Amino acid sequence: MNMVGSKIVYQTLGSYPGMPFESAMTMASERHSPAEIQHVQLCPQNYGCVDEAIDSLRAAFPQTRFRLHANVRISGHDRHFDASSEGLAADAYFRALGALSASMGAQVYTLHAGTHQGRPLKRLFDRIAWLEDCIGHRVGVEGHYPAKGNPYWLSSWAEYAELLTSRTAFALDLSHLHIVACRSGRAEKGLTAELLASDACVEVHLSANDGVHDLHARLDDGPEPWWMPLLDRIQPASDVFYEGNEIRSSLSAASVRERMRRAVAPVIAA
């Protein structure tokens with residue numbers, strides 16, 4: 001997939017997990033059109049510290065705009081942070097990330113919501129507001145899906161609805177919503193369309209899974225997702241990134257396809 005309506009689907013180097021940033025970017029440039037790599041997301045799935053790689057990346061690919069995602073590695077800092085992380089170490093990491101993001105000319109940074117630890121959802125929204133002040137540009141929170149013990153913020157349709165009304169900026173990972181749909185037994189198309197159309201939606205992430213695990217499967221490895229017809233609702237200022245794993249072995253890819261074939265589809269709610 002390289003287009004959603006009139007919007008280009010950009011690449012993320014997380015599609016090449018375990019590879020150094022430079023190697024992943026070289027492979028992406030060989031496999032995708034210049035349009036698809038004119039904007040690329042740098043992710044924690046890649047090897048190395050992003051601050052040590054960014055100068056060579058920008059020199060080798062001067063036409064590409066780069067942005068940071070989640071807990072990318074930065075020299076001298078731990079890397080286990082998400083939006084639920086607080087304290088001196090987390091704040092220092094985000095300040096360093098903000099300085100790097102600003103030096104790259106990026107205008108958006110997105111990160112995962114993380115674990116609620118018994119705290120109300122408003123605490124997450126307040127933390128995102130703090131991060132925007134700290135980093136100096138738009139920060140979007142990426143939601144989760146149900147897991148054992150219900151540890152995560154933004155893991156149910158009700159919490160995604162609250163996110164929508166909060167006006168907090170967010171990244172909408174549609175593969176995560178597929179797991180929410182399968183675990184709850186229903187796919188809320190109306191709410192999903194509203195989330196996509198919201199001007200608070202700064203990113204949309206695309207990949208496929210079996211409704212149980214976040215497999216980062218390629219979209220052509222399974223049936224068309226229930227959310228595919230909704231992509232024309234994506235608001236104009238939102239950027240779309242593709243997260244399908246491009247280097248999975250043939251044996252592993254076959255296993256993923258079989259799991260997706262056997263998956264139970266959720267009921268589609270209006």
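Colleague: How are α2 and α3 oriented to each other?

Modeller: Two packed helices are described by the angle between their axes and the distance between the axes. In this predicted model, helix α2 (residues 50–60) and helix α3 (residues 88–104) pack at about 5 degrees, with axes 11 Å apart. They are therefore roughly parallel, a term for angles under 35 degrees. Residues are numbered from 1 along each chain as its sequence is written, local features need pLDDT of at least 70, and side-chain atom pairs count only at pLDDT 80 or more.

Colleague: Which residues make the contact?

Modeller: V50, D51, I54 and R58 of α2 meet L100, S103 and M104 of α3, where contact means heavy atoms within 4.5 Å.

Colleague: How is an aromatic pair read?

Modeller: A pair of aromatic rings is described by the distance of the centres and the angle of the planes. Rings pair if their centres lie within 6.5 Å; planes under 30 degrees apart count as stacked, over 60 as edge-to-face and the rest as tilted. This structure holds five such pairs. One of them, Y10 with F241, is tilted, at 6.0 Å between centres and 50 degrees between planes. Y10 lies in strand β2 and F241 in strand β10, 231 residues apart.

Colleague: Is Y10 buried or exposed?

Modeller: Y10 is buried, with a relative accessible area of 9%; buried means under 20%. F241 is also buried, at 0%. In Y93 and F94, the ring centres are 5.2 Å apart and the planes at 70 degrees, so that pair is edge-to-face. Both Y93 and F94 are buried, and ring pairs link F81, Y93 and F94 into a cluster.

Methods. Side-chain values use heavy atoms; hydrogens and water are left out. Axes are lines fitted to C-alpha atoms, for helices over the stretch in contact, and angles run from 0 to 180 degrees between N-to-C directions. Helices (H or I, at least four residues) and strands (E, at least two) are DSSP runs, numbered from the N terminus. Angles under 35 degrees count as roughly parallel, over 145 as roughly antiparallel, 65 to 115 as roughly perpendicular and the rest as oblique. Buried means under 20% relative accessible area, exposed over 50%, partly exposed in between (1.4 Å probe, protein chains only).
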